[in-house]
Amino acid sequence: MTITSGAVRAGAMRGWVEFRNSLQTPTDVIYYVIGAAGFSAAVWFFRDDVIPELGISTAAVIFPSVLALMTLFVGAYGLATLVSTEREDGTLLRLAMQPAGTFTYAWGQTVRTLLELAFTFGMFTILASILVPDLWARGIGGASIAVGFLLLGVLACLPLGFVVGSLFNNPRSVGGWGFLVTGAIVAASGVFLPLSELPTWVQIAGQVLPLYWLGLGLRSALLPADFAVVELGESWRTLESIGMLGLWAAMGLVLAPILLQRVARRESLATLATRREKAMQRV
Amino acid sequence: MTRDIVVRARGVAMSYGAKRVLDSIDLDIHRGEVIALLGANGAGKTTTIEILEGVRSPTAGTVEVLGIDPVRAGVEHRARVGVVLQSWRDHGRWRVREFLHHFFVLHSPFRKHDSWAVDDLLERVGLADKARARIMSLSGGQRRRLDVAVGLMGNPELLFLDEPTAGFDPHARREFHELMHELVDARATTILLTTHDLAEAERLADRILILHNGRIAANGSADALAREVAGTTEVRWTARGERFVHSTESATRFVRDLLARDPDVDDLEVRRTTLEDTYLTMVAQHEAADAETNGERA
């Protein structure tokens, strides 16, 4: 076996075990179920709230927005929190001392996040589709484009999660501040309030961040073509969406391995012991 | 005698800002040697191990581990060196056997014919009956044994252990010592361990290094170190209600003379110097010497 294939296999196993462990942990399962049920309930609540000029329900507009939100939440925020937690508890150091360990760690986290995303999307999509059948006005064609945008969105969010998780070594600050920042990104992304109704500076900030473009791409795939008039520039701006998401993905894919390697190299027995003592004092 | 040199350090120094942690350390470790690194907290033990592992670059000096600079070591080097961490709570949700299997897969491209199989290793560290248990359910001692198992996974040529038996009960400690002896005898593994347990160091190590204020204060076998400290054996007795203590190199002759000379000798006790005595004496000597140099400077 070559070094690469060994590390790829070990990382895939790692991702699967981590995800399975999560499914065997009651608090994690409750978190997944409440997330899927809560968002499905929101979609169901707006099922009869038809937008007169467009002839579609608000539920259909919320659905792609929630998919975009979940991508950011699981792929960037959730991943960042995990990475900084596993820096603190020595997981990263343990792996970094093994042959090809840092790569195995990153690949394992990627696999785990992908599984969690697939599971979260799956639960929500199935539940929401049962409750509100007319979410799929654009049929198979629209659904495949949506899957394409989701993949691109994941590619933009995952490296972001690794970057943020590597930059901060305190999982509690990533959890707390990260939550606020994620909330701000969501507010400025047009997934719940159309961006055209927000102040200009929020519109500019929103269009720099990836979440707006992911939401826009998903709406362009799942909503009737007429809906584009509500968007900025009265167009789906498909090329711009792909370009911006691709740019974020490329930036992250360059930065993430550099930062993670650097952080893994800096981890040491002494820093681990210091953090252990600190955490013990807190308990 | 030309034995392989596994670790060679020359003039290694390490400072964090203005604080000097290590000061011109010279060290050779030969294949199959077991070295115990002793010293108070903050004496530089962990830093020394980290430099040899390649986790840190020294501020001065050169280090060679298995023939290469460990900071620049590649993937293959990592596979030849085992590290036993003082772990804490990582991988708590994993089950014991799948955790070890994960590292088995990581090491599989580098496997040697005599590398451990997962179940043999579990058996050897006494965790076979815990194979399906989650790591967070293990006791502190069981957890350390699992750490040892991870360190041994690749059948390393060189093994670093940072306080390996902290939290072990006497039974687990005995088994751990047997495992270490087996590694050295059957596999010629070179071992560098830090410990606060001086009896353990005396039992396991061929050679003992005492670090004091970032320097090697002593370097030799437990016996050799004891000889350096004046008197290797302590004789205690009482006579006419008074207590006496005398240190000597040849206790038998001293006691024979003593009994011939003084008929009132009672409560006679002959105690060979332990490593603990040697250690405390040496550290005290170095502290006195340090205080003197500082006094001269002032």
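Helices here are DSSP runs of H or I at least four residues long, and strands are runs of E of at least two, both numbered from the N terminus. With that in hand, the stretch at residues 149-168 of chain A comes out as 95% helix and 0% strand, with its end C-alpha atoms 29 Å apart. The model is predicted, so local features need pLDDT of at least 70 and side-chain atom pairs count only at pLDDT 80 or more, while totals for chains, interfaces and linings use all residues. Residues are numbered from 1 along each chain as its sequence is written, chains are lettered from A and ligands numbered from 1 in the order in which they are written, and side-chain values use heavy atoms, leaving out hydrogens and water.

On to the record for chain A. An unreviewed UniProt entry marks "transmembrane region" at residues 29-46, 58-80, 117-137, 149-168, 174-196 and 242-260. UniProt positions are given in the numbering used here, feature names are shortened, and annotations may be inferred rather than shown by experiment. Over residues 60-256 the chain is 78% helix and 0% strand, with 35 Å between the end C-alpha atoms.

A:Thr58 belongs to helix α3 (residues 58-88) of chain A. Is A:Thr58 buried or exposed? A:Thr58 is buried, at a relative accessible area of 19%; buried means under 20%, exposed over 50%, and partly exposed in between, using a 1.4 Å probe and protein chains only. Setting aside residues up to four places away in sequence, A:Thr58 touches A:Phe46, A:Asp49 and A:Ile51, where contact means heavy atoms within 4.5 Å.

Next, the helix pairs. Two packed helices are described by the angle between their axes and the distance between the axes. Axes are lines fitted to C-alpha atoms, for helices over the stretch in contact, and angles run from 0 to 180 degrees between N-to-C directions. α3(A) packs against helix α6 (residues 139-167) of chain A at about 25°, with the axes 7 Å apart. The two, α3(A) and α6(A), are therefore roughly parallel to each other; angles under 35 degrees count as roughly parallel, over 145 as roughly antiparallel, 65 to 115 as roughly perpendicular and the rest as oblique. The crossing of α3(A) and α6(A) is right-handed, meaning that the near helix is turned clockwise from the far one by less than a right angle, with anticlockwise being left-handed. Residues in this contact include A:Leu67, A:Thr71 and A:Gly75 of α3(A), and A:Leu150, A:Gly153 and A:Cys157 of α6(A). By class, the contact of α3(A) with α6(A) has 14 nonpolar, seven polar and one charged residues. Here Ala, Val, Leu, Ile, Met, Phe, Trp, Tyr, Cys and Pro count as nonpolar, Asp, Glu, Lys and Arg as charged, and the others, Gly among them, as polar.

Elsewhere in chain A, the axes of α1(A) and helix α5 (residues 101-131) come within 7 Å and cross at roughly 45°. α1(A) and α5(A) are therefore oblique to each other, and their crossing is right-handed. The contact of α1(A) with α5(A) splits into 13 nonpolar, four polar and four charged residues. One residue to look at is A:Val8, in helix α1 (residues 3-23) of chain A. A:Val8 counts as partly exposed at 33% relative accessibility. Leaving out neighbours within four places in sequence, A:Val8 is in contact with A:Phe103 and A:Trp107.

Chain B has ten helices and twelve strands, and 52% of its 298 residues are buried. Its C-alpha atoms fill a box of roughly 70 × 50 × 40 Å along the principal axes. Among contacts in chain B between residues at least 6 apart in sequence, 66% join residues at least 24 apart.

B:His91, in the loop between β5 (81-84) and α3 (96-107), has a positive phi near 55° although it is not a glycine. B:His91 is buried, with a relative accessible area of 6%. B:Arg240, between β10 (233-239) and β11 (242-248), also has a positive phi, near 50°, but B:Arg240 is exposed at 57%.
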